[in-house]
Amino acid sequence: MHDRPPSAAEQPPAPGTWRRVVRLFMPHRLAICFVVLLVVAYSALNAAVPLLTQLVFDRALFGAGGPDLPLLALIAGLAAATACAVGVVDLGQTWVSARVAQHVVHALRVELFGRLQHMSLAFFAATRGGEIQSRLANDTAQIEHAVKDTLPSTLSGVIGFVAAAGAMVALSPPLAGAALLLSPIVVWVASRSGRALKNLSEVSQRSRAQLSAIVAERLCLGAVVLARVHGRSADEAGRFTAESLRLSRLGVRSGLVAQGVLSAGHVFFVLTPYLVFVAAGLSDGITPGTLVAFTVLQARLYQPLWQLLHVSTEFRSAQGAFERVFDYLDMQPEPGSDARPDSTLGPGALTVHEATFRYAAGERDRPALDGVNLTLPAGSTTLVVGPSGSGKTTLGHLLAGLHAPTEGSVRIDGAKIGRPSPGRVCIATQEPFLFQGSIADNLRYAAPDATADDLMRACRLTRVHERIMALPDGYDSLVGERGALLSGGERQRVALARALLADASVLVLDEATSALDPMTELEVVEAILAERAGRTTVMITHRFGALDSFDTVVALDEGRVAEHGDRLDLLGDRHGWYARMVRAQTGAA
Ligand SMILES: Nc1ncnc2c1ncn2[C@@H]1O[C@H](COP(=O)(O)OP(=O)(O)OP(=O)(O)O)[C@@H](O)[C@H]1O
């Protein structure tokens, strides 16, 4: 499985990237052909204007019979019509290109979001949020720019160059030779500086992604509190300043290289007419009109070349963006991570058979869980206890289907699970996630059809109803970013109510009441157990001294089951881990 995000920016261009890009555009081939046609028309119309200038000079103004004003008016009319046609064609081309770009980028964004949603938990644990955002926002924006602007610029650059060169050859082959003399040097300078610009653009893109990551990670409530508590706000600002400065310096360097290229272009631009004049002086029969037309055309010759220089840089950046997006699209999603609500709810008997779990394949350290065997009958209530790092959360995740065991199996009602099973198993965690929205929105995430009474019933059970009703907007009160407007205990109780609304046959509580005061915790847990209506309940906790309504206790140690049995029996085993801990927590002799 490809869990860690590959650093695409460091990798050489993947072969076949452009083949994949072409496949992406295949559904839009007709529109792209139309864009090509429009660009050809645009370039041809543009190349026709200097030919009209030649007519003005050689026929209308300085012809054999003197100035011909009707012809001049006709040419002026033609020039105006050509300019209007250029405008219309350009508008049409922009419209079609923008539509193609938006379609392709929309499809990529949606596919990327869908793929990311199904990635393993290990992927999200190992990937910075800013990195994901950067691929979804910056890289797709770069691709959009490439399709909307760079593709047409390239086409018009190539076709414009060919049209201008063709018009020159038609006017005078020797002068065309002189005008094109410097073009190989232009191409060489363009490709060298293009490569330099590409490198700078890649480094800048990485730096931008780094800035996004810093913002996403360090400018959220938890990180700001942490920085203030430890007096590290200035260091955080320093980190951001250093990266921002790096980006600024890269911007200045890119600007310098780009300007250097423009200045070189200016030299060529100034030199070329003189080469043409020298060639005209050495040739016979070159009319002034031809010379004027050449002067106009040479601008059209080098302009597309410079345009191509820039588009080649942008194409390389776009290639990088495509590769980064394809990297994510190529990652293997978690098997069955698109779990649908399960309509075949069983009573919720859990069987764990020889389950071993390793977070990293081939990891040499001891596994997080090592050959665990458990049988938890339907409707049973189990406490999972054990020292920190003993594997309790990992076991909870396995029971909830968030991880599949590396070896062995976990079954509910005899059916093997290795993926979430909505409606069948639900887990509530220590740090629950509440999204921006009202309390009711967050509760209905688990049960979209729940009535207001259902929400209130669940919240009464988790002892948060009164608190919600005391808020100005009751259940419509907003919870803020990740529930920041609620206290830790309120967040946990709202999340617990949400888990109850899921009405699953198995409920796993992973330190889900740790932020409550002991009295409220006891009340909430007792209420959940009393209302459980046959539900299998597994509670992972460090504070179990006062919890005496559970049937069974499982004590884990270093990933193995150290004790498992009837709670009262284990309590009677004076030297057992559970009994010793209960005595320590309750102060009993
Ligand atoms: N995402 C992860 N990647 C790698 N190792 C992990 C990951 N999560 C947990 N571990 C490791 O797995 C082992 C078991 O962790 P687990 O969180 O299941 O323990 P726990 O008993 O719930 O601990 P605590 O009581 O402190 O919450 C630990 O050694 C931990 O470092």
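This is a predicted model: local features need pLDDT of at least 70, side-chain atom pairs count only at pLDDT 80 or more; totals for chains, interfaces and linings use all residues.
We may begin with the helices. Helix H7 covers residues 183-218 and helix H9 covers residues 233-282. Their axes come within 9 Å and cross at roughly 160°. Angles over 145 degrees count as roughly antiparallel, and H7 and H9 are therefore roughly antiparallel to each other. The crossing of H7 past H9 is left-handed. Sorted by class, the contact between H7 and H9 is made up of 16 nonpolar, 9 polar and 7 charged residues.

The buried residues of H7 include Val186, Val189, Ala190, Leu197, Leu200 and Ala209. Ser193, Gly194, Gln205, Gln210 and Ser212 of H7 are buried too.

Turning to the ligand, the residues around it include Ala122 and Ala125, together with Tyr359 and Ala368. Of the contributors, H11 gives the most, with 3 residues. By class, the shell around the ligand divides into 4 nonpolar residues, 7 polar ones and 1 charged.

Glycine 129 sits in helix H5, which spans residues 129-171. For this glycine, 14 other C-beta atoms lie within 10 Å. A residue is buried at 20 or more such atoms and exposed at 12 or fewer, so glycine 129 is partly exposed. In sequence, glycine 129 and isoleucine 214 are 85 residues apart, yet in space their C-alpha atoms are 9.4 Å apart.

Glycine 371, for its part, is found in strand S2, residues 369-376. With 15 other C-beta atoms within 10 Å, glycine 371 is likewise partly exposed. Glycine 371 and arginine 467 are separated by 96 residues in sequence and by 44 Å in space, from C-alpha to C-alpha.

Terms used:
Residues are numbered from 1 along each chain as its sequence is written. Axes are lines fitted to C-alpha atoms, for helices over the stretch in contact, and angles run from 0 to 180 degrees between N-to-C directions. Helices (H or I, at least four residues) and strands (E, at least two) are DSSP runs, numbered from the N terminus. Angles under 35 degrees count as roughly parallel, over 145 as roughly antiparallel, 65 to 115 as roughly perpendicular and the rest as oblique. A crossing is left-handed if the near helix is turned anticlockwise from the far one by less than a right angle, and right-handed if clockwise. Ala, Val, Leu, Ile, Met, Phe, Trp, Tyr, Cys and Pro count as nonpolar, Asp, Glu, Lys and Arg as charged, and the others, Gly among them, as polar. A residue is near a molecule or strand if its C-beta atom, placed from the backbone, lies within 6 Å of it.
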